[in-house]
Amino acid sequence: MNMFETSKVVEIFLKYDISNNKDETAYFIKELEGITNHSFIVEVDGKQFVLRIPGDNPDEINRNAEKNNTLLVQELELTLPYLVFDEVSGVKISEYFEIYTYKESDFLNEQLRNAAFLSLKKLHNSDLNFMENFSPLKVFRNLADSQNSLEIEAVEVGNNIVAKLEEIGLQRKPCHQDLYSGNFVIYKDKTFLIDWEYSSLGDPYFDYADLFWQNEIDDENLQGMYLKELGFSKTEEITKFKLFQTLSMITWGLWAKRKSPFDNKGDEALLKAIKNK
């Protein structure tokens with residue numbers, strides 16, 4: 001880290017009374033990989049912490065909702081606890097835990113996959129009163145560039161999908177809604193979910209479809225097997241899953257284009273979604 005960044009970390013730790021040490025050389029800081037935020041392992045005073053500083057996101061995250069929802073899932077023991085959560089700045093500080101972070105390939109492992117599924121089922125079957133936040137049924141419209149023909153077509157496909165989902169029927173359950181592999185971790189042999197920025201009341205089918213899409217579980221045979229593990233076998237259930245999977249492609253494809261406009265991954269996701277319509 002450069003001196004400016006180190007000084008910012010020290011300033012944050014002093015502000016929230018994590019440490020009263022003003023000596024920048026006493027802080028040992030390691031940056032962690034992340035997609036939307038800047039996260040660091042910070043060692044000071046013989047203790048280790050994880051610091052999250054929000055990055056520039058192409059959508060608005062309701063930090064009050066994130067804090068409320070995180071507190072609720074902490075009580076349900078579905079996530080690891082935090083020490084500081086500033087809902088204004090989005091700064092979050094947690095104790096550092098020795099964890100194992102899932103990789104995409106871990107969903108091919110039956111034991112790890114089913115541990116992840118069980119965590120999601122516990123969440124979806126709870127009666128937690130989540131605050132409204134990110135909605136995949138709406139957010140794609142706000143992310144799209146009205147001057148881009150590909151994005152206009154993707155939004156039309158998204159609107160048609162939402163109409164079909166409403167015909168089938170939608171649930172309102174507590175959902176995570178950002179299920180890439182790195183948001184599943186193992187601590188003391190138990191699987192937890194972390195990073196609840198996009199959590200909200202929603203439909204559990206989106207969570208499962210999003211998990212499959214974000215972790216590239218696109219083989220039809222594997223999808224069929226995993227859906228049976230989840231208890232989805234009826235035609236209507238499979239149809240609903242497929243519709244949400246295409247909506248996930250559109251949502252994160254548009255998100256990727258706003259976050260990294262010079263990367264073609266967003267366009268690839270949108271083209272695949274349009275092909276699936």
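The largest nonpolar core here has 54 residues. A nonpolar core is a set of buried Ala, Val, Leu, Ile, Met, Phe, Trp, Tyr and Cys residues joined through side-chain atoms within 4.5 Å. Helix α8 (residues 235-259) gives this core its largest share, nine residues; helices are DSSP runs of H or I, at least four residues, numbered from the N terminus. A 16-residue core lies apart from it, with Ile12, Phe40, Val42 and Ile93 among its members.

This is a predicted model, so to speak of local features takes pLDDT of at least 70 and side-chain atom pairs count only at pLDDT 80 or more, while totals for chains, interfaces and linings use all residues. Residues are numbered from 1 along each chain as its sequence is written, and side-chain values use heavy atoms, leaving out hydrogens and water.

Phe130 is one of the residues with the most contacts inside the 54-residue core. Phe130 sits in the loop between α3 and α4, and Asn133 lies in that loop too, between α3 (110-124) and α4 (139-143). Buried means under 20% relative accessible area, exposed over 50%, partly exposed in between (1.4 Å probe, protein chains only).

| Residue | Relative accessible area |
|---|---|
| Phe130 | 3%, buried |
| Asn133 | 18%, buried |

Contact means heavy atoms within 4.5 Å. Beyond four places in sequence, Phe130 touches residues including Leu72, Pro174 and Trp196, while Asn133 is in contact with Ile61, Glu66 and Tyr198, among others. The Asn133 side chain also reaches the backbone oxygen of Glu197 at 2.7 Å, a polar contact (N or O atoms within 3.5 Å, one able to donate a hydrogen and the other to accept it; sequence-adjacent residues count only if both atoms are side-chain atoms).

Notes: Helices (H or I, at least four residues) and strands (E, at least two) are DSSP runs, numbered from the N terminus.
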